[in-house]
Amino acid sequence: MQFMLLFSRQGKLRLQKWYVPQADKEKKKITRELVQTVLARKPKMCSFLEWRDLKVVYKRYASLYFCCAIEDQDNELITLEIIHRYVELLDKYFGSVCELDIIFNFEKAYFILDEFLLGGEAQETSKKNVLKAIEQADLLQENLDFQIRLFPAPS
Amino acid sequence: MTSWSAVVGSQCLSLHQGHLPTCLCVFQRMPAPIRLRELIRTIRTARTQAEEREMIQKECAAIRSSFREEDNTYRCRNVAKLLYMHMLGYPAHFGQLECLKLIASQKFTDKRIGYLGAMLLLDERQDVHLLMTNCIKNDLNHSTQYVQGLALCTLGCMGSSEMCRDLAGEVEKLLKTSNSYLRKKAALCAVHVIRKVPELMEMFLPATKNLLSEKNHGVLHTSVVLLTEMCERSPDMLSHFRKLVPQLVRILKNLIMSGYSPEHDVSGISDPFLQVRILRLLRILGRSDDDSSEAMNDILAQVATNTETSKNVGNAILYETVLTIMDIKSESGLRVLAINILGRFLLNNDKNIRYVALTSLLKTVQTDHNAVQRHRSTIVDCLKDLDVSIKRRAMELSFALVNGNNIRGMMKELLYFLDSCDPEFKADCASGVFLAAEKYAPSKRWHIDTIMRVLTTAGSYVRDDSVPNLIQLITNSVEMHAYTVQRLYKALLDDISQQPLVQVSSWCIGEYGDLLVSGQCEEEEPIQVTEDEVLDVLEGLLLSNLSTPVTRGYSLTAIMKLSTRFSSVNRIKKVVSVYGSSIDVELQQRAVEYNALFKKYDHMRPALLERMPIMEKTASNGPTEIVQTNGETEPSVPDTKHPPLVTQPANQANDLLDLLGGNDVVPVIQTTLPTKPASAGGELLDLLGDLSLSGGPAPAPVPSVPVSQPPFLLDGLSSQPLFTDIAAVIPPMTAYNKNGLKIEFTFERANPNPNIAVITIHATNTTEADMTEFVFQAAVPKTFQLQLLSPSSNIVPALNQGSITQIIRVLNPQKQQLRMRVKLTYTHKGLPVQDLAEVNNFPPQSWQ
């Protein structure tokens with residue numbers, strides 16, 4: 001996968017994950033163009049489109065579009081499953097996830113994505129394991145912070 | 001306010017004892033920065049872009065000053081806010097170093113946000129990217145696996161080549177750990193390292209030894225990805241890993257056969273992600289290897305037949321299976337099975353499935369043509385799909401499936417498609433129809449009818465080069481001439497808006513008008529039409545706003561040709577003389593020349609305008625011409641007798657532009673020359689150059705018609721430019737003189753248009769070897785237009801024994817200073833030579 005974008009029906013970006021280095025300007029350009037293209041698609045059309053030299057797989061969940069750019073040899077249908085898995089993870093984590101959750105907790109959305117995909121490929125195919133890892137990391141965040149507050153590191 | 005005390009407490013603890021008063025002062029100065037969610041909420045209340053920008057700027061200022069004060073406590077919160085604002089599109093580069101500080105912190109929260117910030121703001125293009133390396137290295141060895149995980153993730157997502165080089169060793173170490181949480185991440189991190197620094201691939205080889213013996217699916221999945229990457233990059237690795245085929249087959253088998261596994265189940269299928277990756281690896285291993293292909297044959301058949309197809313996930317696996325079967329050396333039974341799966345996909349309600357089926361079938365249609373043919377009717381049905389991508393695929397596939405047996409049926413469908421499809425498809429479809437018709441037409445009548453159908457339904461989308469091809473086709477179907485002209489005439493009566501149709505029709509009426517009025521048609525009921533009616537139609541074309549200049553040229557020439565076929569010569573003479581003063585330069589030239597034919601060359605008129613002979617077909621895109629070639633096409637050896645008849649579209653002109661590197665120069669623009677008359681204009685112009693100057697020297701006689709000619713030679717006229725120096729008041733100049741090649745320009749003003757300068761280039765060669773395959777190309781600035789006619793030959797003989805001449809016509813309506821860039825290519829003593837030059841020394845009289 002080269003990149004994944006999440007955006008609203010008004011074209012507002014909610015998450016961007018780039019697995020291939022791009023200049024900031026280029027990222028903005030790509031985002032703008034791709035968002036426009038996807039938003040222009042009619043509901044009856046298929047989830048795949050050819051864009052530049054990439055294949056783009058997109059799916060709408062409620063008010064959010066999940067959009068992935070994959071390479072020629074990647075399997076479009078399984079990419080749909082990848083997207084679905086990510087949505088399921090978000091759903092489990094936030095409890096019936098909606099766009100507002102992603103807006104207000106974007107950093108968590110990133111953490112979850114980074115526990116599921118690495119370098120554009122799935123690192124864990126078990127839903128349970130991904131969620132467990134996130135849970136542990138969250139705990140760690142609280143505990144360590146808590147510990148530091150009470151017991152400062154020796155100077 | 002409760003947060004206050006916590007803050008105070010921690011600050012006090014971290015500052016030195018005994019400085020409490022200072023602590024209190026610090027707190028009074030510095031209110032806590034607002035929380036992330038608070039900021040998000042606030043920004044979302046903004047009603048306008050301007051309001052949002054103001055809020056952002058305010059917050060950025062606060063964050064900046066907080067950064068300046070090296071505040072450790074709130075750095076994390078501030079960076080998080082910055083990342084939010086960055087996502088909204090605002091600059092956040094001033095937070096880069098802060099991310100580094102967060103990464104270096106010992107707090108897990110800090111690291112989490114710091115690494116996130118790094119991945120968003122610190123990609124390899126940033127100067128400070130490498131500063132992360134040491135932190136990452138330390139964190140890769142951290143005691144807490146979640147910290148190690150953060151480091152691996154960051155490195156594996158965006159580490160630069162240098163960073164990868166520095167840290168590859170650490171990754172390799174982690175690849176061998178027994179901790180599956182880390183091992184799976186290390187595998188994908190290794191993939192990234194290999195992509196960035198392929199030479200490092202070798203060092204990961206030992207660690208791959210027992211990767212596939214893992215039970216953990218995460219590790220298995222990422223290991224397969226790693227193995228795939230290595231095999232794709234190195235043939236040695238590929239041979240080395242072939243021995244893993246049995247193991248992979250076994251793992252896949254277990255996945256299929258094993259019962260319900262809640263952890264990995266997706267709609268009844270066990271770990272589809274892993275299945276797909278294994279199938280992909282098997283594809284790479286089995287490709288061009290008989291033994292491996294055989295070893296995986298059974299499992300592929302099993303997956304193909306047993307996978308549940310009711311949901312997308314099952315179809316995803318089937319899709320990958322099909323791709324694998326088609327790519328390896330599978331036995332024919334398996335291949336047929338695969339194609340049948342694709343055939344079933346075509347009938348699936350899910351359009352995504354239909355789409356991938358069409359894409360895959362397109363890939364296999366060459367190799368497994370017969371098998372794909374069986375699904376032809378389903379494919380043709382997809383032409384009616386609502387989805388644009390599916391329609392396009394179906395169209396491409398349909399054309400690939402057309403053959404002599406199914407041509408009639410297929411063409412019916414394709415023509416129907418052409419009628420109803422979106423404009424974006426029409427040009428491609430029309431071209432496809434013409435090609436297919438040419439290859440497989442069952443009869444000439446059918447062929448003509450098909451062409452007619454295309455021209456009448458999608459006439460405006462037909463490509464420019466189709467017109468000459470069609471004309472040639474018509475000429476060669478001798479027995480169909482009457483039928484063709486009748487049908488075209490009738491089409492014209494209905495609609496004169498589609499230019500290609502009009503052009504072909506005009507040409508035919510000009511050629512076969514006599515057949516039309518004499519009612520000789522055999523194929524269908526001949527229509528009754530008089531000469532005057534025909535001339536009415538043609539004159540109508542001249543007058544209509546819908547006709548382009550090219551079309552007008554066609555119709556004028558057609559009218560002229562009818563002067564030898566019809567008896568109403570006087571009417572034709574009148575028309576021709578009227579257009580002698582047309583403001584359209586092209587029409588004017590022709591009209592004047594035709595007038596001249598009537599007046600001074602009437603004895604030659606019948607011969608000049610007689611019926612065209614059957615044309616030999618040259619290249620499929622019309623005759624090529626040395627004059628205007630893009631870099632790629634082979635220039636055909638020009639025959640000196642043939643006038644320039646380039647039918648190359650504008651994009652080839654742009655290639656010339658690229659060749660010459662300038663973007664302020666306009667490429668050589670050939671007048672669109674599918675019409676013979678257009679070039680005739682060029683040649684006759686020169687002819688007339690002699691005629692219109694009263695009292696000029698006797699013009700050279702028009703040379704006789706060469707018998708076999710490429711298409712679109714003007715009705716018999718030779719192209720020998722009759723160039724005289726009548727208006728040679730402009731001094732000649734040397735445009736180029738290098739390496740023994742000298743190019744001189746001589747000038748003449750074109751009559752009647754003083755804005756056109758006619759330049760003849762003379763290329764001579766002082767060296768002892770001939771310069772062969774000589775090509776002269778030129779480009780001029782935007783305000784000019786340039787026309788390059790055909791050269792006299794493409795060999796510049798050695799030792800000045802001869803020369804190549806070539807005519808350039810430059811239109812300079814703004815009377816700007818003439819500049820030119822030229823490109824010369826030729827072969828000299830067996831070696832190719834190429835040179836670019838600017839020509840700026842044009843004498844002022846040539847452009848003033």
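Author: One cut-off to start: a residue is exposed when its relative accessible area is over 50%, and buried when that value is under 20%. Also, this is a predicted model.

Reader: Fine. Is D290(B) buried or exposed?
Author: Exposed, because its relative accessible area is 53%. D290(B) sits in helix α16 of chain B, residues 290-306.

Reader: Switching to salt bridges. How many over all chains?
Author: The structure holds 58.

Reader: What does K184(B) meet in a salt bridge?
Author: E124(A), with N to O at 2.7 Å. This pair crosses between chains. K184(B) is in helix α11 of chain B, and E124(A) is in the loop between β7 and α5 of chain A.

Reader: Why can such side chains pair at all?
Author: Side chains of opposite charge can pair when their charged atoms come close.

Reader: And is K184(B) buried or exposed?
Author: Buried, at 4% relative accessibility. E124(A) is buried as well, at 2%.

Reader: What about D368(B), which side chain does it meet?
Author: R335(B), in a salt bridge of 3.1 Å, N to O. They are 33 residues apart and link distant parts of the chain. D368(B) lies in the loop between α19 and α20, R335(B) in helix α18. D368(B) has a relative accessible area of 12%, so it is buried. R335(B) counts as buried at 17%.

Reader: Where does R571(B) come in?
Author: It forms a salt bridge with D532(B), the closest N and O atoms being 2.7 Å apart. D532(B) is in helix α29 and R571(B) in helix α31, 39 residues apart. D532(B) counts as partly exposed, at 40% relative accessibility.

Reader: Which residues are linked in a network of salt bridges?
Author: E70(B), R75(B), E98(B) and K101(B).

Reader: What is I474(B) in contact with?
Author: Leaving aside neighbours within four places in sequence, its contacts include I448(B), L488(B), V504(B) and Y512(B). The C-alpha atoms of I474(B) and H447(B) are separated by 9.5 Å.

Reader: Last one. What does T133(B) touch?
Author: M163(B), D166(B) and L167(B), not counting residues up to four places away in sequence. T133(B) is in helix α8 of chain B. T133(B) is buried too, with a relative accessible area of 11%.

How values were computed. Residues numbered from 1 in each chain as written. Chains lettered and ligands numbered in written order. Predicted model: local features only at pLDDT ≥ 70, side-chain atom pairs only at ≥ 80, totals over all residues. Heavy atoms only, no water. Helix = DSSP H or I, 4+ residues; strand = E, 2+ residues; numbered from the N terminus. Buried < 20%, exposed > 50% of the residue type's maximum accessible area, 1.4 Å probe, protein only. Contact = heavy atoms within 4.5 Å. Salt bridge = Lys/Arg side-chain N within 4 Å of Asp/Glu carboxyl O.
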